[in-house]
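Please look through the sequence and the structure below before reading my points. They are meant to be checked against the model one at a time.

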Amino acid sequence: MNIAEFFHMDGYALYVWGAYGVTLVVLSLNVILARQQQRKALRAILRAAQRNRSLV
Amino acid sequence: MWLWIHKFGSPKYFYNVSGKILPWVAGATALLIVIGLYLGLFASPADYQQRETVRIMYIHVPSAWNSMFIYLLMAASAAIGLIWNIKLADIVAAVSAPIGASFTFITLVTGSLWGKPMWGTWWEWDARLTSELILLFLYLGYIALQSAFEDRRLAARASAVLAIVGAVNVPIIYYSVQWWNTLHQPQSLGVGMSTIHPSMLWPLLIMALGFKLLYVVILLMRTRAEVLERERNNAWVQELAQALVGKSVIGSANEYR
């Protein structure tokens with residue numbers, strides 16, 4: 001099997017790669033958004049902590 | 001057991017332990033998905049009926065299992081939060097909903113992309129397809145209800161009732177192919193009754209395990225973030241923040257942008 005054949009998927013390329021593509025996008029988005037949420041939360045508490053420190 | 005639940009139910013303990021576990025689970029997830037993709041896309045043969053479209057099954061079926069599994073876990077967690085008033089259980093239920101909705105969406109889209117070339121239609125009001133669509137609406141309804149209340153306790157309670165009542169849909173999805181003889185093919189997997197060839201069974205099972213672990217990874221990440229947000233005024237989060245500020249590696253909070 002060569003590369004062109006592999007991507008061609010026996011004529012079902014649109015369906016097979018479409019399915020894998022949608023899955024990749026949705027799951028990556030889940031991971032990226034979770035990461036962003038974690039960073040946002042950390043940033044918020046860090047800023048609050050620095051504010052407290054500068055008050056001391 | 002009860003002692004353990006209470007210990008693990010404490011947000012601080014959860015945050016520390018999950019932080020240690022997370023990199024390992026993430027590593028195992030990546031490994032399983034890479035192996036599963038290799039087996040599913042390269043090493044396994046095309047099906048004699050479905051031809052190359054059989055490869056869609058390696059993401060469709062694991063997503064469908066996850067969509068039901070996550071719903072049951074969400075409903076159970078919401079019930080625990082409702083009955084024993086455990087904050088962490090409320091958080092687990094709340095953050096599971098968008099993840100479950102994502103897997104349900106993937107199940108419907110990949111199923112549709114398989115159905116068009118194989119059944120000749122994108123969509124059919126078949127019992128299984130319809131009940132899976134209802135599952136998506138249940139997730140979306142749950143998410144909407146969560147955000148409809150300002151008060152978190154109230155939001156958790158109201159949506160927990162919806163999650164628990166909606167759980168009746170999961171066995172309907174699962175048994176739909178036996179109860180109603182419509183378009184969707186019956187199950188071909190089970191203990192001692194599998195009817196698929198090992199070369200296709202392995203990528204399916206490995207992808208299923210990989211997707212399960214991926215759920216755990218996203219769940220832990222989102223739960224940790226949610227715990228930090230909700231507990232930001234508690235002493236342990238303050239200590240954590242002070243420790244991070246103290247470390248020169250982190251420097252200023254602005255660098256964390």
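This is a predicted model: local features need pLDDT of at least 70, side-chain atom pairs count only at pLDDT 80 or more; totals for chains, interfaces and linings use all residues.

1. Chain A contains two helices and zero strands. Its radius of gyration is 22 Å, whereas the globule rule gives 10 Å for 56 residues, so chain A is more spread out than a compact globule.

2. The box filled by the C-alpha atoms of chain A, taken along the principal axes, is roughly 70 × 20 × 10 Å. Of the 56 residues in chain A, 23% count as buried.

3. Where the chains meet, 30 residues of chain A are in contact with 35 residues of chain B. On the chain B side, helix H4 (87-119), helix H8 (198-230) and helix H9 (235-246) each supply at least two residues. H4(B) gives the largest share, 10 residues. By type, this side of chain B has 21 nonpolar, five polar and nine charged residues.

4. Within chain B, helix H3 (residues 57-84) packs with helix H6 (residues 152-166) at an angle of about 135 degrees, and their axes are 9 Å apart. The crossing of H3(B) and H6(B) is left-handed.

5. Which residues make the contact of H3(B) with H6(B)? From H3(B) they are B:Met74, B:Ala75, B:Ala78, B:Ala79, B:Gly81 and B:Leu82. From H6(B) they are B:Ala156, B:Arg157, B:Ser159, B:Ala160, B:Ala163 and B:Ile164. The residues of this contact divide into nine nonpolar, two polar and one charged.

Technical notes
Residues are numbered from 1 along each chain as its sequence is written. Chains are lettered from A and ligands numbered from 1 in the order in which they are written. Two residues are in contact if their C-beta atoms, placed from the backbone, lie within 7 Å. Helices (H or I, at least four residues) and strands (E, at least two) are DSSP runs, numbered from the N terminus. Ala, Val, Leu, Ile, Met, Phe, Trp, Tyr, Cys and Pro count as nonpolar, Asp, Glu, Lys and Arg as charged, and the others, Gly among them, as polar. The radius of gyration is taken over C-alpha atoms; the globule rule is 2.2 Å times the number of residues to the power 0.38. A residue is buried if 20 or more other C-beta atoms lie within 10 Å of its own, exposed if 12 or fewer, and partly exposed in between; C-beta atoms are placed from the backbone. Axes are lines fitted to C-alpha atoms, for helices over the stretch in contact, and angles run from 0 to 180 degrees between N-to-C directions. A crossing is left-handed if the near helix is turned anticlockwise from the far one by less than a right angle, and right-handed if clockwise.
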